Amino acid sequence: MPTTHAPETHGPGHAIERLIFFSDAVFAIAITLLIIEIHVPHVHPPYTDAAFLRALAPLGVEFLSFFVSFFVIGAFWAGHHRAFDCARHWSPRLILPNLCMLSTVAAMPFFTAFSSEYYGYRVPSALYAFWMMLIALANIWVQRLATSPPVVGERVSKAHCRVIRQRGIATLLGTISAFAMALIFPFAAQMTLATIPLWRLLLQRIAPPKA
């Protein structure tokens with residue numbers, strides 16, 4: 001007789017732990033590779049203070065892009081952590097969306113380097129913001145599954161799940177804003193990602209979570 005597999009309990013060594021550990025590793029590698037794309041400048045002798053400062057000056061844009069991408073990827077990792085903190089049961093449906101999200105995160109060092117190398121130009125800036133949109137969409141997909149039955153824990157409140165989902169939507173709206181800004185004012189595209197907390201506050205005001 002065919003057997004049906006009921007959702008398994010979340011515990012040590014469980015498939016959810018393996019998925020989380022693998023995800024954390026990808027986030028850590030991607031966030032570390034961001035700095036590898038910034039190369040030490042070549043300084044021509046004589047090695048004066050002015051010579052070093054002139055060599056370092058062009059790296060300002062690259063470090064700006066590094067910090068923006070570092071904290072945005074960190075925010076995605078935090079959202080991933082919050083969502084899976086609600087998960088108590090394993091579902092094979094988690095694998096594909098989680099892999100999709102991790103693949104977009106893993107590619108961020110390239111898009112960060114490309115946009116910083118050609119900072120202020122429309123195509124690199126728009127491509128950077130567009131890739132962020134893809135991460136945000138995959139993030140929403142993962143969050144929905146992790147905060148819905150049969151994966152979510154029975155004791156996790158609906159209000160808490162709603163807050164997590166609102167955060168994901170706010171991030172998507174912030175990346176859409178950055179993409180729109182990249183088409184008009186490419187120099188300001190990355191800075192527009194700072195609107196994500198504002199979108200979060202707006203969503204909370206429009207639809208406050210209820211217990």
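Which residues does Thr112 touch, not counting residues up to four places away in sequence?

Author: This is a predicted model, in which local features need pLDDT of at least 70 and side-chain atom pairs count only at pLDDT 80 or more, while totals for chains, interfaces and linings use all residues. Residues are numbered from 1 along each chain as its sequence is written, and side-chain values use heavy atoms, with hydrogens and water left out.

Leaving aside residues up to four places away in sequence, Thr112 touches Leu34, Ser65, Phe66, Ser69 and Tyr128, where contact means heavy atoms within 4.5 Å. Thr112 itself belongs to helix α5, which covers residues 108-117; helices (H or I, at least four residues) and strands (E, at least two) are DSSP runs, numbered from the N terminus. Thr112 counts as buried because its relative accessibility is 5%, and buried means under 20% relative accessible area, exposed over 50% and partly exposed in between, with a 1.4 Å probe and protein chains only.

On a 1 Å grid over the protein atoms alone, a cavity is a set of points where a 1.4 Å probe fits but cannot get out, and lining residues have an atom within 4 Å of a point. This second largest cavity holds about 40 Å³ of space, a volume being the space filled by probe spheres set on the points, with grid points joined across faces, edges and corners. Helix α5 gives the largest share of its lining, 3 residues, and both α3 (59-84) and α5 supply at least two residues each. By class, this lining divides into 4 nonpolar, 2 polar and 2 charged residues; Ala, Val, Leu, Ile, Met, Phe, Trp, Tyr, Cys and Pro count as nonpolar, Asp, Glu, Lys and Arg as charged, and the others, Gly among them, as polar.

Tyr128, one of the residues that Thr112 touches, lines the largest cavity along with Ser115, Tyr119, Ser125, Pro186, Phe187, Ala189 and Gln190. About 50 Å³ of space lies in that largest cavity, and its lining has 5 nonpolar, 3 polar and no charged residues. By the rule given above, the count comes to 2 cavities of 30 Å³ or more.

Note on methods: 1 Å grid on protein atoms, 1.4 Å probe; cavity = no way out; pocket = protein on both sides within 12 Å on 5 of 7 lines; lining within 4 Å.
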